[in-house]
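Open the model in your viewer and keep the selection panel at hand. Each stop below gives you something to select and says what is there.

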Amino acid sequence: MTMHVDAHVPSGPLAQKWDKHRFEMKLVNPANKRKHTVIVVGSGLAGGAAAATMSELGYNVKCFCFQDSPRRAHSIAAQGGINAAKNYQNDGDSIYRLFYDTIKGGDFRSREGNVYRLAELSVNIIDQCVAQGVPFAREYGGLLSNRSFGGAQVSRTFYARGQTGQQLLLGAYQTLERQIARGGVKMFPRTEMLDLVVIDGKARGIVTRDLVTGAIESHAAEAVVLATGGYGNVYFLSTNAQGSNATAIWRAYKRGAAFANPCFTQIHPTCIPVTGEHQSKLTLMSESLRNDGRVWVPKKPDKSDPRQIPDADRDYFLERKYPAFGNLAPRDIASRAAKEVCDEGRGVGQSGLGVYLDFADAIKRLGRAVIEERYGNLFEMYERITDENPYEVPMRIYPAVHYTMGGLWVDYNLMGTIDGLHVSGEANFSDHGANRLGASALMQGLPGEQQAREGGRVTPGVQGCRGRGRGYNQEVSFDRRQANGVVVSSRARENHVGVLRDVAQRSGTQDRVEENPGAKGRVLARCQRAGERCGAQSGPRESRTRR
């Protein structure tokens with residue numbers, strides 16, 4: 001099945017695309033912004049920040065979330081940090097290097113124009129977060145601190161101990177709550193999106209169900225933004241919360257929104273191993289732990305106390321195989337290496353599916369107080385789950401599904417294949433480097449809000465909804481035999497996903513999308529009438545540029 005998609009990437013050099021794109025957009029009069037309504041589904045980093053920013057720009061915003069409060073979004077579970085090309089460490093970092101690392105980290109499947117813009121906006125994201133009060137770690141003199149992360153050879157990751165996602169979400173949450181109090185955002189907690197309303201090929205609203213009363217309602221708007229996260233829970237166990245069920249993007253797909261690279265899943269190497277069939281999810285341990293922890297297994301199968309195994313009988317396999325990166329080897333490489341040693345029978349723990357992450361050398365070198373300052377909350381979480389003290393006994397870790405780089409296809413303006421439907425954060429496919437590059441996911445979550453603030457298209461349901469930038473046309477074929485469906489079978493996972501891919505399967509770089517040719521389906525009469533009113537009120541669709 002074949003469909004035509006146009007990414008609308010502006011012409012010209014990479015470094016000039018975003019500035020050119022902003023300049024070529026027409027502006028929306030502040031008085032006209034009050035006439036338009038935008039629906040945002042999701043209240044995590046991407047959704048909460050987008051809703052707050054749309055409201056600040058003057059639009060009427062309705063924000064829907066599955067949880068009982070926006071601050072309960074799963075973004076709170078992100079731990080390690082967020083990348084930005086600040087080059088505070090003067091170690092050779094730059095916007096272009098962050099762009100290059102992100103493209104390479106995404107297996108060359110991300111769109112270059114989008115990723116370069118992501119690298120550009122990363123600099124402003126940190127400044128905004130600091131202004132919001134996000135308590136990033138600081139050096140003794142008060143300057144913001146950085147640390148290394150997997151997949152990079154520079155220190156560009158900003159962090160707040162092992163709670164970076166939580167602190168960033170709280171910053172976005174307080175900004176959202178300010179707009180709710182002002183009246184610019186109407187919040188709908190404990191609400192599930194049942195369907196996307198599409199009228200004459202344009203997204204004009206959603207159908208929802210109140211999870212407390214069961215009431216079904218329809219909501220009309222000129223634009224719909226989906227920021228509902230990834231679909232990692234298609235796997236039996238992942239690090240995602242059970243509420244992260246991917247139903248919103250799946251329902252958009254059934255209305256004709258195309259998926260791109262849905263088989264592209266991140267396997268994170270630093271998760272607590274499975275302990276039994278009682279589990280409903282797995283727990284991530286931040287990749288930042290690999291800054292000071294050393295990964296090893298016994299050279300020969302050995303189930304004895306790891307503290308009794310001499311150094312000569314240990315295989316520090318990441319340091320041995322990848323000396324340039326050592327224990328900070330990229331995520332997919334570290335995950336494959338861990339699986340290989342376990343397949344050889346050298347895995348640790350009762351199940352044999354685990355490797356050691358040892359902090360004995362770091363504690364000896366830096367002292368326990370320093371390690372506790374850096375990772376104390378992570379160590380406490382590990383001890384609560386496993387009843388093992390990581391200050392005294394090496395942690396046990398094993399790869400697990402953590403993040404999905406595929407998602408709904410979007411163009412340069414983050415609009416999907418349905419006019420008026422924008423997709424932000426992990427729910428889209430275009431801006432990530434998260435297969436290999438650590439601290440990339442949080443970086444992807446916030447630029448959608450920055451894009452809206454600096455000139456992105458925030459009212460895509462009105463005139464001119466396809467932008468003026470000269471892009472490239474792309475014809476993409478989809479073959480169901482390539483196992484690129486959203487619900488991936490076990491055989492397809494073995495052949496096409498994550499740590500088990502071979503070189504030939506990693507070589508493809510084209511966006512793979514699928515068209516759903518199904519009927520438009522029923523549209524509630526109320527939404528139809530509302531959509532016609534929206535169409536009658538349509539005017540020039542652009543956003544204000546704030547310099």
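The tour runs from the whole chain to single side-chain pairs.

**Whole chain**

Keep in mind that this is a predicted model. Show the protein chain as a cartoon: 16 helices and 19 strands. The chain has 547 residues, and 59% of them count as buried.

**Helix α4**

Select residues 95-105, which make up helix α4. Show the side chains. L98, F99, D101, T102, I103 and G105 are buried. An α-helix has 3.6 residues a turn, so residues three or four places apart point the same way. Keep that in mind as you look down the axis. What covers the buried residues of α4? The cover includes α1 (14-24), β4 (82-83), α5 (112-132) and α12 (441-445). Then step past the end of the helix to D107. D107 follows α4 and has a positive phi, near 60°.

**Cysteines**

Next, colour the cysteines. How many disulfides are there? The count comes to zero. Select C63 to see one case. The nearest cysteine sulfur belongs to C65 and is 6.4 Å away. A disulfide needs the two sulfur atoms within 2.5 Å, so C63 is in no disulfide. C63 is buried, because its relative accessibility is 0% and the cut-off for buried is under 20%. C263 also counts as buried, at 7% relative accessibility.

**Aromatic pairs**

Show Phe, Tyr and Trp side chains. The structure holds 15 aromatic pairs. Begin with F64 and F188. Their ring centres are 4.5 Å apart and their planes meet at 10°, so this pair is stacked. F64 sits in strand β3 (residues 60-64) and F188 in strand β6 (residues 185-188).

Go on to F379 and Y391. The ring centres are 4.6 Å apart and the planes are at 50°, so this pair is tilted. F379 lies in helix α11 (residues 368-386), while Y391 is in the loop between α11 and β16 (395-404). The pair therefore ties together parts that are 12 residues apart in sequence. F379 counts as buried at 1% relative accessibility. Y391 is buried too, with a relative accessible area of 15%.

Now select Y231, W250, Y253 and F259 together. These four form one aromatic cluster.

**Charges over rings**

R117 lies over the face of Y412, at 4.2 Å from the ring centre. Then centre on W296. The charged end of R314 sits over the ring of W296, 4.1 Å from its centre.

**Salt bridges**

Side chains of opposite charge can pair when their charged atoms come close. Here the count comes to 25 salt bridges.

Select E287 with R290 and R331. E287 and R290 meet in a salt bridge of 2.7 Å, N to O. R331 also forms a salt bridge with E287, at 2.7 Å, N to O. R331 is in helix α9 (residues 331-343), and E287 is in the loop between β12 (265-271) and β13 (294-298). That pair links distant parts of the chain, 44 residues apart. Are these side chains buried or exposed? Both E287 and R290 are buried. E287 has 1% relative accessibility, and R331 is buried with a relative accessible area of 8%.

Compare R307 and D305. Their salt bridge has its closest N and O atoms 3.0 Å apart. R307 counts as partly exposed at 45% relative accessibility, and D305 as partly exposed at 29%.

For the last stop, select D315, R320, E344 and R346. These residues are linked in a network of salt bridges.

Methods. Residues are numbered from 1 along each chain as its sequence is written. This is a predicted model: local features need pLDDT of at least 70, side-chain atom pairs count only at pLDDT 80 or more; totals for chains, interfaces and linings use all residues. Side-chain values use heavy atoms; hydrogens and water are left out. Buried means under 20% relative accessible area, exposed over 50%, partly exposed in between (1.4 Å probe, protein chains only). Rings of Phe, Tyr and Trp (its six-membered ring) pair if their centres lie within 6.5 Å; planes under 30 degrees apart count as stacked, over 60 as edge-to-face and the rest as tilted. Helices (H or I, at least four residues) and strands (E, at least two) are DSSP runs, numbered from the N terminus. A charge sits over a ring if NZ of Lys or CZ of Arg is within 6 Å of the ring centre and within 35 degrees of the ring normal. Contact means heavy atoms within 4.5 Å. A salt bridge is a side-chain nitrogen of Lys or Arg within 4 Å of a carboxyl oxygen of Asp or Glu.
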